[in-house]
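Biologist: I have a model to go through with you. Please take me through the terms as we go.

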Amino acid sequence: EVRGLTWMPCKTPTDLLQCFQKGRNNLVYAETKMNKASSRSHAVFQIKVAKRPRASDAAAAKKGAKKVEMKAVFGKLTVVDLAASERIK
């Protein structure tokens, strides 16, 4: 678990983009000698996806079968943006 983490359920691609933009708005930027817009905070964006069969598909399959299996598939994508560390060498 990550301290300060917020989970937001998204049902549509628009919901997902709004969550991503909300997270980007919380980043802190500051000017350094090497970069005028350097990120000064870390960011972690995780997308969890679940794929389940529709209940109507299961009902249709059930008519010809004795047993219906309801399998779900899960996935997780993690995007990490680490705060910059510019150094002159």
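Biologist: Which strand gives the largest share of the lining of the largest pocket?

Modeller: Strand 3 does, with 8 residues. This is a predicted model, where local features need pLDDT of at least 70, side-chain atom pairs count only at pLDDT 80 or more, and totals for chains, interfaces and linings use all residues. Residues are numbered from 1 along each chain as its sequence is written, and side-chain values use heavy atoms, without hydrogens and water.

Biologist: What makes a site a pocket, and what makes a residue part of its lining?

Modeller: On a 1 Å grid over the protein atoms alone, a pocket is an open set of points with protein on both sides within 12 Å along at least five of seven lines. A lining residue has an atom within 4 Å of a point. Of its 32 lining residues, T6, C19, V44, F45 and Q46 are the closest to the centre.

Biologist: Which elements each supply at least two residues of that lining?

Modeller: Helix 1 (13-25), strand 3 (43-51) and strand 4 (73-81). Helices (H or I, at least four residues) and strands (E, at least two) are DSSP runs, numbered from the N terminus. The chain has 2 helices and 4 strands, in the order α-β-β-β-α-β from the N terminus.

Biologist: Why is V80 called partly exposed?

Modeller: Its relative accessible area is 49%. Buried means under 20%, exposed over 50%, and partly exposed in between (1.4 Å probe, protein chains only). The value of 49% falls in between, so V80 is partly exposed. V80 is found in strand 4.

Biologist: Why does G23 count as partly exposed?

Modeller: G23 has 35% relative accessibility, so it also falls in the in-between class. G23 lies in helix 1. Its C-alpha is 9.6 Å from that of T6, which is 17 residues away in sequence.

Biologist: Why is E69 called exposed?

Modeller: At 56%, E69 is over the 50% limit, so it is exposed. E69 lies in the loop between helix 2 (55-62) and strand 4. The C-alpha atoms of E69 and P53 are separated by 9.5 Å, with the two residues 16 apart along the chain.

Biologist: What percentage of the residues in the chain is buried?

Modeller: Buried residues make up 8% of the 89 residues.

How values were computed. 1 Å grid on protein atoms, 1.4 Å probe; cavity = no way out; pocket = protein on both sides within 12 Å on 5 of 7 lines; lining within 4 Å.
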